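Please look at the sequence and the structure before reading on.

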Amino acid sequence: SNSTRRLSPREARALTALVHAQDCIAREAIDRIACSSNGPAIVQALRRKLGNDAAIEMERVPVIDADGKTAQAGRYRLSDTHRAQAVALLGGGHHA
């Protein structure tokens with residue numbers, strides 16, 4: 001059914017950002033954009049609705065945290081092959 005494909009407001013905000021991003025979006029930025037502290041769960045939900053885990057690619061990059069330790073930060077980008085599908089998914093719900 002079509003209702004399972006509908007995006008929540010958080011998912012729509014995150015997917016809109018991914019569609020318009022010129023580069024990767026950091027996990028913290030996804031949290032901010034979606035107004036959620038659970039960016040990875042939103043990304044997983046979007047992958048399901050796009051029908052493919054590869055639709056949103058993730059890379060881990062080493063960053064230095066506040067304590068001077070190296071941590072692995074996740075960054076996301078929409079795969080080029082799923083861009084049209086993402087735009088269609090957004091268009092279906094009239095999300096600006």
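## Arg75 and its partner

Arg75 has a relative accessible area of 27%, so Arg75 is partly exposed; buried means under 20%, exposed over 50% and partly exposed in between, with a 1.4 Å probe and protein chains only. Arg75 forms a salt bridge with Glu59, and their closest N and O atoms are 2.3 Å apart. A salt bridge is a side-chain nitrogen of Lys or Arg within 4 Å of a carboxyl oxygen of Asp or Glu. Glu59 lies in strand 2 and Arg75 in strand 3, so this pair ties together parts 16 residues apart in sequence. Glu59 is partly exposed, at 33% relative accessibility.

This is a predicted model, in which local features need pLDDT of at least 70 and side-chain atom pairs count only at pLDDT 80 or more, while totals for chains, interfaces and linings use all residues. Residues are numbered from 1 along each chain as its sequence is written, and side-chain values use heavy atoms, leaving out hydrogens and water.

## Other salt bridges

The structure holds five salt bridges. Arg77 and Glu57 form one of them, with 2.8 Å between the closest N and O atoms. Arg77 is in strand 3 (residues 70-78) and Glu57 in strand 2 (residues 56-64), 20 residues apart. Glu57, Arg77 and Asp80 are linked in a network of salt bridges.

Lys49 and Glu11 also meet through their side chains in a salt bridge (2.6 Å, N to O). Lys49 belongs to helix 3 and Glu11 to helix 1 (residues 9-20), and the two are 38 residues apart. Both Lys49 and Glu11 are buried.

Leaving aside neighbours within four places in sequence, the contacts (heavy atoms within 4.5 Å) of Arg47 include Ile56, Met58 and Tyr76.

## The whole chain

The protein chain has four helices and three strands, which are DSSP runs (H or I, at least four residues, for helices; E, at least two, for strands) numbered from the N terminus. Their order from the N terminus is α-β-α-α-β-β-α.

Buried residues make up 36% of the 96 residues in the protein chain. The protein chain carries 14 positive and 10 negative side chains.

Conventions
Lys, Arg positive; Asp, Glu negative; His and termini not counted. Charge placed at Lys NZ, Arg CZ, Asp CG, Glu CD.
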